[in-house]
Amino acid sequence: MAVSKSNKKKQQCYIAVPSQIINSLSSSGLQSLLLSPKKKNPSFSVKLKLLLNNPRFWVLFLFAFGFVGMLKMWFNFETLVPFTPNPCEILQEKSSFSNDKQVSQLSIGALNVGKKEEGDEKSEFWEQPDGLGYRPCLDLSAEYRKTSVDIVKGRKKYLMVVVSGGMNQQRNQIVDAVVIARILGAALVVPILQVNVIWGDESEFSDIFDLDHFKEVLANDVRIVSSLPSTHVMSRPVEESRTPLHASPEWIRSHYTRKFRRDGVLLLRGLDSRLSKDLPSDLQKLRCKVAFHALRFSPSILELGNKLTERMRSKGPYVALHLRMEKDVWVRTGCLPGLSHEYDEMINNERKQRPELLTSRSNMTYHTRKLAGLCPLNALEVTRLLKALGAPKSARIYWAGGIPLGGKEALQPLTSEFTHFYNKEDLALPGELEPFAKKASLMAALDYIVSANSNVFMPSHGGNMGHAIQGHRAYAGHKKTITPNKRQMLRHFLNSSLSETEFNRIILELHRDSLGQPELRKAGRDVTKYPVPECMCNGTMNHSSM
């Protein structure tokens, strides 16, 4: 391999030579190869003549030449050895993940885009928003730290939780479970993941997340135990499944503290959106600490996710799309895929047979839902949006999500416009995905990693994964995240009288403030989606080194 050494005046290159050739040369022959022709040596011509007249030299030369030729023929030598046209050029690759346990599980704060394809570096599409100097800021109050001493030593109260839904929904509930345990001053038993009725995924906490890391990061906040101690293992936990939506810390304390008195064990189910989004500052910071620091994926998931990320980055920047086009999504949202009359009828019939699947607003028509921005974007709409926002045709796209209704046909508008279109199955080598097969949560975790590390991220519809990645990218320095302004833009999609130039201008203007810029959290919003100002502060404020 070539290695370069530079100074202010000139650049020298040192090229490695196989040791067999060096060892086989005589001392005089070796000296003649190493001497610079620029140095005047009176005996140079004599030594060169002796070397050329030596039969051993020519035998060794022909042997080396033939050996290299056979390597090139048999093993495609040029592709296996990382030589470059310039022998002084060095290719450096950086891992997309940090091993530091005190930082976020994803090193998406510093994007390494590798080599750029021609024209990519000129596209404004890849420009990142101004983060206004915001950095993670998790300084906890003196009162919080003082109270922590007694909480982490507690041995009388234990909280058990059962979390449900997909991986990202479970992740949100785990965050709230830690905060509730802190509010109650109880130890948290590692959350139990309910088997998903849709995907049949039986993954446990440690299959998805790094349990040791989880315990270590939260050691000064909440005591985490893998199971109930022997003193409580025979206890019958008091089960509570009637927690109201958006319960306050005061409600949690007043209703649950007394339930510990009998056996010291409380079991909670159905935590989704049960804890208030508006908590005291220390508890909001704890939420961010759990979401962005403690919940790191397991080593096997991180390893493969890192590999897939580097394969996407190897030829330049890339976009990650979270496409919500699966059959169950169309049924639950009350929307239609628009692929054909047959597919629309399929969705309508299933919705009639199972009306309980419709998530909300059952009195609204499909058209009303569409114009209200409540429907996922289909592939054609995603394509038009990306083009209007300036995505180059050469853009590399990673798409996350399940198999869309209609298969490849449903993706055709995207694949015909953007030919560099990949998912995890396209990027993985044979056998790499086998350990994750039939485990939807683990597959979702891989999508999460590659999407969170992308140069640009865009979801086609709201949801737990899109919200989680938006917050993670904000916490990592406000990386470009496009939030489709569906309510405002769809009427322009339906206006066929607009020229392409005018359409693009309108769409750009609608999204000028929806590209991942810092946005202050408003009341009722999740701090893990909008971490400013509770969990991030700018250069004018002190911030932690976590």
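**Entry 1: a buried cysteine and its partner**

I started at Cys-288, which is buried, with a relative accessible area of 0%. By buried I mean under 20% relative accessible area, with exposed being over 50% and partly exposed in between (1.4 Å probe, protein chains only). A word on my source: this is a predicted model, in which local features need pLDDT of at least 70 and side-chain atom pairs count only at pLDDT 80 or more, while totals for chains, interfaces and linings use all residues. I number residues from 1 along each chain as its sequence is written, and my side-chain values use heavy atoms, with hydrogens and water left out.

Which cysteine does Cys-288 form a disulfide with? I found Cys-535, the two sulfur atoms being 2.0 Å apart; the cut-off for a disulfide is a pair of cysteine sulfur atoms within 2.5 Å. The pair links distant parts of the chain, 247 residues apart: Cys-288 is in helix 11 (residues 281-294), and Cys-535 is in the loop between helix 22 (500-510) and strand 14 (536-537). For the elements I use DSSP runs numbered from the N terminus, helices being H or I of at least four residues and strands E of at least two. The torsion about the S-S bond of Cys-288 and Cys-535 is about 85°, so I noted this disulfide as right-handed. Cys-535 is buried too, with a relative accessible area of 0%.

**Entry 2: the other cysteines**

How many disulfides does a search of the whole structure find? My search gave 2.

Cys-137 is buried at a relative accessible area of 8%, and Cys-537 counts as buried at 0% relative accessibility.

Next I looked at Ser-148, which has its place in helix 6 (residues 142-153). Is Ser-148 buried or exposed? I found Ser-148 buried, with a relative accessible area of 6%. Tyr-144 and Ile-151 are buried in helix 6 along with Ser-148. Looking down the axis of helix 6, I see the buried residues fall within an arc of 75°, so they line one face of the helix; the arc is that of the directions from the helix axis to the C-beta atoms.

What do the buried residues of helix 6 pack against? They pack against helix 7 (167-184) and helix 11, and contact here means heavy atoms within 4.5 Å.

**Entry 3: Arg-182 in helix 7**

Arg-182 lies in helix 7 and is buried, with a relative accessible area of 6%. Leaving aside neighbours within four places in sequence, I found Arg-182 in contact with residues including Tyr-144, Thr-147, Ser-148 and Ile-151, and also Leu-283 and Leu-286. Under that exclusion, Ser-148 is in contact with Arg-182 and Asn-220; Asn-220 is also one of the contacts of Arg-182. The C-alpha atoms of Arg-182 and Ile-151 are separated by 7.6 Å, the two being 31 residues apart along the chain.

**Entry 4: helix 7 against helix 19**

The axes of helix 7 and helix 19 (residues 440-452) come within 9 Å and cross at roughly 85°. That makes helix 7 roughly perpendicular to helix 19, a label that covers 65 to 115 degrees, with angles under 35 counted as roughly parallel, over 145 as roughly antiparallel and the rest as oblique. The axes are lines fitted to C-alpha atoms, for helices over the stretch in contact, and angles run from 0 to 180 degrees between N-to-C directions. Met-167, Asn-168, Gln-170 and Arg-171 in helix 7 meet Ser-441, Ala-444, Ala-445 and Tyr-448 in helix 19.

**Entry 5: the whole chain**

The protein chain has 22 helices and 14 strands, and 46% of its 546 residues count as buried.
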